[in-house]
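Please look over the sequence and the model shown here before reading on.

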Amino acid sequence: MAGNYRKVTEFKTLADFSAYLKSENIELGLSEVPTDGSSAMAQPIEHNGGVIGNRWAILPMEGWDCTDEGAPSAYTRRRWLNFATSGAKLIYGTEAAAVMHSGRSNPQQLLVGDHTADALKELCSEMKKAHKEKFGRNDDLKIGLQLTHSGRYSHPNQAAVLESVTAYSHPLLDKKFGNSEANVVKDSEIGEIVKNFVKAAVIARNAGFDFVDIKQAHGYLGHEFLSAYDRPGSYGGSFENRTRFFREIAEGIKEAAPELELSARFSIFDIFPFVKGEDGVGHPMEWEGHYPYAFGGDGSGMEMDPELKEPVQFVKLMQEYGVSLICATIGSPYYNVHMQRPAYYPVSDGYEMPEHPLYNVSRHFKAVKELKKRCPGLKVVGSGATCLQEYLPNAAEYAVAHGEADFIGIGRMVLSYPDFCADSLSGKGLDRCRICRTFGDCTSAPRNGMISGCYPLDHFYKALPEAQRLKEIKKALKK
């Protein structure tokens with residue numbers, strides 16, 4: 001539970017923090033960060049004939065703040081311009097953007113379509129301009145757009161109403177989310193979804209994005225197909241069939257927009273779905289014997305396959321189809337959030353941490369290290385690091401300096417502290433008052449139908465009526 005783990009703020013030196021991790025048997029490399037511009041994180045890297053100016057990345061998130069029609073709002077614009085002026089040179093995916101209405105994760109999710117094309121083009125241009133005004137150049141900046149279909153977690157019309165589109169009948173997830181065979185997408189329906197991915201990619205190219213990210217993570221539709229071992233027909237069973245959905249999307253994009261770069265947000269491994277126990281702590285759902293539904297898992301339902309056989313096979317396949325950049329993640333925020341998004345505090349509808357959150361940070365770093373080792377030439381963005389707080393730059397420096405990752409991405413951290421990357425590179429030190437402490441309000445707010453933002457630390461969100469509403473919801477939950 002949160003109160004049983006020492007907080008990061010208790011450690012005043014890197015040596016003390018490092019000693020604590022060792023005492024908890026948490027394997028995580030940490031390095032001092034040079035302040036003279038020679039840090040590994042400050043170094044440019046060649047990519048697809050160009051240059052990306054440093055090793056910080058901004059991760060794609062769902063903002064719950066677009067219009068009902070799926071167009072960027074003033075809230076969306078504020079977030080994106082913060083990303084552009086963060087100091088990161090890789091804006092990885094910018095936003096989790098739905099390719100069709102039925103695949104939206106919430107009624108305020110960004111939707112890529114003809115009706116939002118002009119707004120996306122204007123905002124992408126504005127991001128590039130804002131970055132250049134602050135840093136003097138933008139020819140070393142890469143901006144992408146993440147394309148996704150939320151699959152099992154689609155809530156396109158009402159935030160409280162789940163309208164799932166699943167890849168197969170999952171014995172545990174169907175039980176957890178109230179799904180059935182009726183939610184499984186038919187082979188004959190998949191082609192239309194693929195067409196929408198391709199159309200969205202063309203819109204992104206025309207809007208000025210440098211790449212699109214095909215989401216294969218977190219239990220969304222693209223990821224779920226990878227574990228569709230029991231699905232009959234052309235999209236399940238064999239590895240060839242389970243990867244068909246990705247291949248058709250990649251082939252379609254390359255035909256329609258051959259100059260557009262491709263990347264993938266990819267869950268390296270999965271584990272059992274967790275539920276809240278009577279003690280308030282997360283527990284794995286009951287299962288006996290071998291667990292086949294955790295893609296990248298070792299069959300136990302709890303650990304990564306140490307050889308990463310199928311994940312490596314899939315990554316090498318994606319490389320053949322033009323994917324040269326992977327944003328790595330593990331697990332899912334919907335059914336094992338403690339691993340996917342390590343935090344000291346549970347979100348409003350979540351559970352207390354069953355394991356040390358920093359242990360799960362280390363699992364992210366280890367998975368990326370293992371993937372890079374087995375996939376030469378692949379550039380990988382590491383994630384899941386925000387829980388390290390003021391020691392995040394130290395872990396990032398170690399991983400990149402030792403070739404265990406090419407970039408380190410931040411998500412929640414940039415919401416509370418938009419200048420985190422720039423400040424970490426400048427050598428002037430971090431502003432501790434703005435560092436994300438993983439309170440989870442940026443998730444609890446949307447889980448309760450409100451826009452996502454950092455309500456504890458960002459004065460813009462503090463001043464909104466939603467801030468008081470969120471306090472009342474959290475207070476009621478404690479009671």
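What follows describes a pair of helices and then two further helices.

This is a predicted model, in which local features need pLDDT of at least 70 and side-chain atom pairs count only at pLDDT 80 or more, while totals for chains, interfaces and linings use all residues. Residues are numbered from 1 along each chain as its sequence is written, and side-chain values use heavy atoms, with hydrogens and water left out.

Helices here are DSSP runs of H or I with at least four residues, strands are runs of E with at least two, and both are numbered from the N terminus. Helix α2 (residues 74-84) and helix α3 (residues 117-135) have axes that come within 8 Å and cross at roughly 40 degrees, the axes being lines fitted to C-alpha atoms, for helices over the stretch in contact, with angles running from 0 to 180 degrees between N-to-C directions. In α2, Arg77, Trp80, Leu81 and Ala84 meet residues of α3 that include Leu120, Leu123, Met127 and Phe135, where contact means heavy atoms within 4.5 Å.

Turning to helix α5 (residues 187-207), its 21 residues should span 30 Å at 1.5 Å a residue, and the end C-alpha atoms are 31 Å apart, which agrees; the expected span is 1.5 Å times one less than the number of residues. Among the buried residues of α5 are Ile190, Phe197 and Ala207, buried meaning under 20% relative accessible area with a 1.4 Å probe and protein chains only. The cover over these buried residues includes α3 and α8. Just after α5, glycine 208 takes a positive phi of about 105 degrees.

In helix α8 (residues 244-256), the buried residues include Phe245, Ile249 and Ile253.

Key. Buried < 20%, exposed > 50% of the residue type's maximum accessible area, 1.4 Å probe, protein only.
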